[in-house]
There are 2 protein chains.
Amino acid sequence: MTGPAASAPHVIAIVGAGLVGSGWALVFARAGLRVQVYDPVAEVRARILPWARESAGAMAAVGLIDDVKAVLARLHVVDTLEAALDGATYVQESVFERVEVKTDICRAIDALMAPHAIVGSSSSGIPASRFTEGCTHRGRFLIAHPVNPPHLAPVVELVPAPWTDAEALEGARALMHAVGQVPVMLTREIDGFILNRLQGALLNEAWALYDEGYASLADIDATIAHGLGLRWAFMGPFETIDLNAPGGIVDYAARLGGMYHAMAQSRTPRAWPEETIRRAGEERRSALPEAGLTARRAWRDQALTGLAAFKKASGLAP
Amino acid sequence: MTGPAASAPHVIAIVGAGLVGSGWALVFARAGLRVQVYDPVAEVRARILPWARESAGAMAAVGLIDDVKAVLARLHVVDTLEAALDGATYVQESVFERVEVKTDICRAIDALMAPHAIVGSSSSGIPASRFTEGCTHRGRFLIAHPVNPPHLAPVVELVPAPWTDAEALEGARALMHAVGQVPVMLTREIDGFILNRLQGALLNEAWALYDEGYASLADIDATIAHGLGLRWAFMGPFETIDLNAPGGIVDYAARLGGMYHAMAQSRTPRAWPEETIRRAGEERRSALPEAGLTARRAWRDQALTGLAAFKKASGLAP
């Protein structure tokens, strides 16, 4: 590590503290850093500490956090953007994903930040060049896109804008690595980055199969949850195919590349059909009524907490 | 359940006992059924019991099998197809995936089977209509495609040919459910079925991103292994997005459908490029030399065994 981002311990500012921002706060506090958390909405601010206490407690119960009290003591919820940025060397921005909203908050951060601070945006698909061009310190801005929730899914995509300093990118990489996340480095911008492009490709095929009536929503889900998704919980798609042919990935491509190409040719990109979305909504709401969504999200996070503990105990964690 | 497939306990014939066939043998023996295992190659036959002993032992170590000895006692390795089919009510065919090879073995099974037996093929992408048309009992044949290895990944795709009896399909479904697998029902044939179409869609996008130099193979893998793949280890893609927008799947489609459609439009299907495959092979062999592939496959199966135990203990198993 070189430069100010590396030579001193970081102070973190969290800007926007919904579920993504709160998860980020826990990531950095767990790693021993001071975290200053700001959200413009008072009710959101009021939820941060109770949520962090509960989440950190659940992680401690399975050995993912040692000292909950110490972690919580590092979280400082503040009432202004100024207070969040005071002394901050790294800023994680997680506001609503609209270009106008991102542009406004980046200008505000830009006006208050230390010149050598680094600003990572949680944007899940919009590249930084669309909302940081007008910033005085635009070379210090980049995308740092996590999976939701970031404290339970360690991957983070780092995507530079054309004007992002190499040193800021490297500083963000080193910080993410140091706090136990898994930084994935993109060489340049692309809409959706890697993660949501992969998710989108799979979703587009899933919607097409459902639309054409090949199977129920629940059965399409089961092919992943009780099949294809199991290996992907600890291996990527390339390693998966590398182990799935006697001679490795080149052998696999020779055997099955033609089949996959033919499948791709059989599809024309089209929007997810309205009527099919409506039908999918009915199938989901019949499996899980709307009133149950919140409890099911808690179930998901509990499962992810357990999965993280299992991977750690089995040497499958990063 | 109705008909002979359901009213009596099944006797299972395994035809083709490579890794997929051997895994199937363990699935049925674990569930308490008599299994008659045949492979034309003597060396393959010789490997079945030692492999089953080791795999069942690893499963017993984490609570996935109670009585290894009893499970192994139900496995009967036989020297002829006739002996395998003797009294069999369900046949799982797992020979090499080539239309000619499948056609030949199905004719041979057809000539020896009981008229009411059911024959499931492990074919991973070729529909049954391409190799069962000439069979006298063609109404009893269908696809029963597992994930490799079937004893650790419970999903199985059941795909009827146009001439498959509804009663045979229902018999296979009931049997798979009874032995603890997760049957996914396709209404009709499509190349690649659901699982490999979903895998193929994701792989095509992954190859394109790698080909265009957006990230390394290892980093693309990390976006799945430490990010997107975590939720998919226990939830399907539709449930994932249903929980990822405040108002559920319809809300999610309204917010992000446009972005995913634009991504799809930015891609034209093309074959995985030769030069890119070669480069991927080099990157993989530098991460894992060819001599290490076998050990890494054992590591994968150990991880899948642990994951199955974790899911069972956490109430996430089917």
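Q: What is the area buried between chain A and chain B in this predicted model?
A: Let's begin with a general idea: interface size is often expressed as the accessible area lost when the parts come together. Here, carbon and sulfur atoms give 69% of the area buried between chain A and chain B. That buried area is about 10000 Å².

Q: Which residues in chain A lose the most area to chain B?
A: Three residues of chain A stand out here, and together they make up 8% of what that side buries. They are A:Tyr214, A:His226 and A:Phe238.

Q: How many nonpolar residues are on the side of chain A that touches chain B?
A: The contact takes 110 residues from chain A and 110 residues from chain B. By class, the chain A side has 24 polar and 22 charged residues. The nonpolar residues there number 64.

Q: Which residue forms a salt bridge with A:Arg284?
A: Between chain A and chain B, the count is 10 salt bridges. In the one formed by A:Arg284, the closest N and O atoms are 3.7 Å apart, and the cut-off is within 4 Å, so the pair qualifies. The partner is B:Glu239.

Q: What is the volume of the largest cavity?
A: A search of the whole structure finds 1 cavity of 30 Å³ or more. Its lining includes B:Trp51, B:His151 and B:Arg300, and the lining residues divide into 3 nonpolar, 2 polar and 2 charged. The volume of the largest cavity is about 40 Å³.

Conventions. Residues are numbered from 1 along each chain as its sequence is written. Chains are lettered from A and ligands numbered from 1 in the order in which they are written. This is a predicted model: local features need pLDDT of at least 70, side-chain atom pairs count only at pLDDT 80 or more; totals for chains, interfaces and linings use all residues. Side-chain values use heavy atoms; hydrogens and water are left out. Contact means heavy atoms within 4.5 Å. Buried area is the accessible area (1.4 Å probe) that two parts lose on being put together, summed over both. A salt bridge is a side-chain nitrogen of Lys or Arg within 4 Å of a carboxyl oxygen of Asp or Glu. Ala, Val, Leu, Ile, Met, Phe, Trp, Tyr, Cys and Pro count as nonpolar, Asp, Glu, Lys and Arg as charged, and the others, Gly among them, as polar. On a 1 Å grid over the protein atoms alone, a cavity is a set of points where a 1.4 Å probe fits but cannot get out, and a pocket is an open set with protein on both sides within 12 Å along at least five of seven lines; lining residues have an atom within 4 Å of a point. Grid points are joined across faces, edges and corners, and a volume is the space filled by probe spheres set on the points.
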